[in-house]
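Hello,

Here is the structure I promised to pass on. Please look it over first; my notes follow below.

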Amino acid sequence: MPALRGSIYDAKGRLLASDSLIYEAWLDLGYLKETASEREISEVLSSLSENFDIPPEKLSSLLDSSERFFLVEKSPTLKELSRKFNQRTRKFISIEISTERHYFGEFGLDKIIGKLDSGKSPINGIEKKYDHVLKGKKDGYILRTFYGSEKFSPVNGNDVFLSIDIDVQKLVYQELKEAVRKNKADGGLVILMEAKTGRIIAYAQTYQWDRGLLGIFEPGSTVKPIIYGLALSTESITEESTFLCEGKIQPVEGLDIIIRDTEGEKHGIETFKDAIRNSCNVATVQVAQRLLDNLGKYEIYNKLLEAGFGRPTGIDLPGETKGILPKPNKWSLISPYQFAIGQGIAVNAFQLIRALNVYPSGGYLLVPSFVKALGEEHEIVKIEPKIEKSLFPPYIVEMIRPVLESVVASGTGIRAQVEGIKVAGKTGTAQRATSEGYSSTEFNSLFWGYFPADDPKYSLLVLIENPKAGEYYGGTVAGPVFSSIVKKLYFPDNEKNKIVPIYPWKMPNLLGYTLHDVMEISRLFGISKVEVHGTGKVVSQIPAPGEKFIDPPYKMEVWLSVRESE
């Protein structure tokens with residue numbers, strides 16, 4: 001009696017992978033050829049062809065092969081399988097008990113779960129990483145003796161519980177597929193992570209292989225918040241530092257390399273806050289110079305290594321690439337300036353989101369993970385989130401968070417805005433590297449952000465690879481994908497089809513509704529006094545949803561999310 005492999009569940013306990021017992025009927029070709037007459041062989045093959053819908057020529061060809069056994073059919077029940085054999089064919093059939101693995105691999109979940117090969121060894125994904133947990137511990141058997149029989153039950157494998165939520169995974173996957181189609185892109189990926197734990201809630205991609213884990217890409221301007229954080233924390237710059245942007249800069253005197261801002265835009269005198277909001281390359285090159293003057297290239301390398309670049313994150317999926325972070329003795333004169341604007345280094349998607357996530361996490365570099373609990377001996381054992389280190393002190397985090405909010409409110413990321421929710425983030429538009437240098441026509445569009453900005457819960461990374469429909473900036477291609485995902489996470493219902501249940505004895509749930517909706521509902525309730533705080537959509541209310549109204553005169557208070565412009 002074979003031991004079953006443990007099951008894999010999503011965050012809400014829904015089955016993603018499981019084993020079942022199965023009966024396999026094998027034709028013993030060696031025994032058939034050695035003991036049966038030609039007539040009997042013909043009758044057996046004819047019966048098998050008729051009852052199991054196997055082409056006669058395929059069975060006949062087996063007689064000339066060196067194969068000893070042939071799998072005739074699998075069945076979940078012994079009775080169903082046995083009734084297809086007659087007395088003449090049964091003696092040449094061996095029926096074995098085996099296991100079969102079943103998967104729910106829709107919406108890109110197959111890349112996460114992984115699979116087994118024909119020999120039932122894990123190939124990739126959670127199946128491989130947690131094989132020691134999932135695999136059956138000990139087969140069972142029935143011992144028959146002269147005195148009777150004794151049953152020894154199998155010891156099955158333990159279960160694995162993921163942090164992935166199927167519903168959110170589906171939402172993210174469908175949004176990503178539509179964005180890739182709309183932008184005529186080569187592909188794309190999205191990671192949604194809990195900002196305070198590092199647990200992955202959704203991970204979707206449009207590739208046949210695991211692009212986010214095994215592939216690398218240059219981060220472009222999404223790396224700038226880390227560069228500025230390093231500069232501020234090492235006192236290479238201060239909050240009062242200013243930079244002059246004239247649209248272009250020559251980082252190394254005498255070296256014929258010019259770094260430009262988008263379309264040569266001149267930002268003038270900028271603080272570090274302006275530089276991040278505008279995603280200014282010229283200012284960032286000046287920051288890199290001050291880092292180089294203050295720390296030297298070896299210490300810059302160590303700081304980038306500490307931030308998680310050039311080494312695996314430790315995520316619980318096998319095969320993670322370590323990315324590319326050249327050692328200082330391999331740097332050219334231009335390298336530190338290129339690194340600062342996201343060129344010359346390469347990351348996998350998990351390295352990038354976890355590095356940027358230090359801001360919503362409170363300065364901590366977390367170890368991203370897909371597994372939140374394991375089933376061990378009839379109990380579920382929770383796996384605690386792992387903090388690798390504190391990368392930035394709290395004062396640096398508090399200094400940069402408002403700047404990341406301004407990127408979305410009035411900077412390069414305005415198309416990532418979500419009405420009713422304050423979000424923060426950073427855009428990235430990375431020229432794709434070729435064998436002849438950087439392409440002037442091919443780009444990767446990136447946006448990373450976190451939300452809600454005032455109490456971060458989620459961190460979200462969007463990569464759209466080589467969009468060819470016209471737009472290619474991170475803010476205009478990846479930003480709207482971010483916005484759409486957040487909007488559907490928080491406001492899943494189509495506003496045009498909203499139905500607000502009205503009961504005169506209790507308060508309805510107004511969260512997410514507009515001020516116009518609130519006033520209409522108050523009119524229906526006959527409420528004469530409504531106190532409103534802020535503008536936008538409802539984020540808090542008194543009385544709470546479902547609570548009874550106090551005695552007349554009725555009073556209702558609502559708090560709305562304040563629009564950034566106000």
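**Cores**

The largest nonpolar core holds 89 residues, and those with the most contacts inside it are Ile126, Val160, Phe272 and Phe370. A nonpolar core here is a set of buried Ala, Val, Leu, Ile, Met, Phe, Trp, Tyr and Cys residues joined through side-chain atoms within 4.5 Å. Buried means under 20% relative accessible area, exposed means over 50%, and partly exposed is in between (1.4 Å probe, protein chains only). Helix 17 (residues 394–410) gives the largest share of this core, 7 residues. Helices (H or I, at least four residues) and strands (E, at least two) are DSSP runs, numbered from the N terminus.

Before going on, a word on the source. This is a predicted model: local features need pLDDT of at least 70, side-chain atom pairs count only at pLDDT 80 or more, and totals for chains, interfaces and linings use all residues. Residues are numbered from 1 along each chain as its sequence is written, and side-chain values use heavy atoms, with hydrogens and water left out.

Back to Phe272. Leaving out residues up to four places away in sequence, Phe272 touches Tyr228, Leu232, Ile237, Thr238, Glu239, Ser241, Phe243, Met399, Ile400 and Val403. Contact means heavy atoms within 4.5 Å.

**A buried helix**

Helix 16 (residues 349–356) has 8 of its 8 residues buried, so the helix is largely enclosed by the rest of the structure. Gln351 and Arg354 are among those buried residues. Asn348 caps the N-terminal end of helix 16, with a side-chain oxygen 2.9 Å from the backbone nitrogen of Phe350. The cut-off for such a polar contact is a pair of N or O atoms within 3.5 Å; within protein, one must be able to donate a hydrogen and the other to accept it, and residues adjacent in sequence count only if both atoms are side-chain atoms.

**Salt bridges**

The whole structure has 29 salt bridges. The criterion is a side-chain nitrogen of Lys or Arg within 4 Å of a carboxyl oxygen of Asp or Glu.

Start with Lys12 and Asp165. Their closest N and O atoms are 3.3 Å apart. This pair links distant parts of the chain, 153 residues apart: Lys12 is in the loop between strand 1 (8–9) and strand 2 (15–28), and Asp165 is in the loop between strand 7 (160–162) and helix 9 (166–182). Lys12 is exposed at 54% relative accessibility. Asp165 is buried at 10%.

Next, Arg211 and Glu465. Their side chains form a salt bridge of 3.0 Å, N to O. Arg211 is in helix 10 (residues 211–214) and Glu465 in strand 20 (residues 458–465), 254 residues apart. Both are buried.

Glu465 also bridges to Arg432, with the closest N and O atoms 2.9 Å apart. Arg432 lies in strand 18 (residues 424–434) and Glu465 in strand 20, so the pair ties together parts that are 33 residues apart in sequence. Arg432 is buried at 18% relative accessibility, and Glu465 is buried at 9%. Shared partners join Asp186, Arg211, Arg432, Glu442, Glu465 and Lys468 into one salt-bridge network.

**Backbone and loops**

Most residues other than glycine have a negative phi, and most peptide bonds are trans. Some places here to check:

- Phe451 and Pro452 are joined by a cis peptide bond, with omega about -15°. Pro452 sits in the loop between strand 19 (437–451) and strand 20.
- Asp53 is not a glycine, yet has a positive phi of about 55°. Asp53 is in the loop between helix 2 (38–52) and helix 3 (56–62) and is exposed, at 71% relative accessibility.
- Ser279 has a positive phi near 55°. Ser279 lies in the loop between helix 12 (272–278) and helix 13 (281–295) and is buried, at 11%.

Ser279 is also one of the contacts of Ser221, along with Asn281, Ile341, Lys426, Thr427, Gly428 and Thr429, leaving aside neighbours within four places in sequence. Ser221 is in the loop between helix 10 and helix 11 (224–233). Ser221 is buried, with a relative accessible area of 9%.

Best wishes
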